[in-house]
Amino acid sequence: MVGGTGRPDGLEKGYYVKPTVFARVTNDMTVAREEIFGPVVTILGYDSVDHAVEIANDTEYGLAGYVAGADLEKARAVARRIRAGWVAINDAFDFGCPFGAYKKSGNGREWGEFGFQEYLETKGILGYMPEAASSG
């Protein structure tokens, strides 16, 4: 672990923690299983791409995921397998791409056409027959 408890130098007031890196983490550890908001990163090793995807999907949460790779087609194939509402490849970003979550991270979308749909109300009316159809 690098970082840890205490405020960063020069920040004597407020609620701050030092940026922290946890290494040699396994997927059964709390730090790997729960969402942590702050300057924290965990490093989990994997043996193959299949193993990496298995680790990524072994969670109750699914807000966002990230894939890095030189071969864009392989990176896209991995991204399709990750059960998260938003997956960025090689730091890609676009406000036109819907952003939202799966699983316990919530659902609903922001941004793009799907985000716009959140503000619409759709109504279905049953028992209505257009005049042209009823006169024929």
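**Chat about Ile43 and the overall fold**

Reader: Where's the place of Ile43?
Author: Ile43 sits in strand β3, residues 40-44. Strands here are DSSP runs of E with at least two residues, helices are runs of H or I with at least four, and both are numbered from the N terminus. This is a predicted model, where local features need pLDDT of at least 70, side-chain atom pairs count only at pLDDT 80 or more, and totals for chains, interfaces and linings use all residues. Residues are numbered from 1 along each chain as its sequence is written, and side-chain values use heavy atoms, with hydrogens and water left out.

Reader: OK, and how exposed is Ile43?
Author: Partly exposed, as its relative accessible area is 44%. Buried means under 20%, exposed over 50%, and partly exposed in between (1.4 Å probe, protein chains only).

Reader: Switching to Asn27: buried or exposed?
Author: Buried, because its relative accessibility is 16%. Asn27 lies in the loop between β2 (18-25) and α1 (30-33).

Reader: What does its side chain pair with?
Author: The side chain of Asp58, through a 3.2 Å polar contact. That term means N or O atoms within 3.5 Å; within protein, one must be able to donate a hydrogen and the other to accept it, and residues adjacent in sequence count only if both atoms are side-chain atoms. Beyond four places in sequence, the contacts of Asn27 (heavy atoms within 4.5 Å) include Leu44 and Ile55.

Reader: And Tyr66, what does that touch?
Author: Trp86, Val87 and Ala88, leaving out residues up to four places away in sequence. Tyr66 is in strand β5, residues 64-67, and counts as exposed at 58% relative accessibility.

Reader: Zooming out, how many helices and strands?
Author: 5 helices and 9 strands. The protein is more spread out than a compact globule, because its radius of gyration is 22 Å, well over the 14 Å from the globule rule for 136 residues. That radius is taken over C-alpha atoms, and the rule is 2.2 Å times the number of residues to the power 0.38.

Reader: How much counts as buried?
Author: 18% of the 136 residues.
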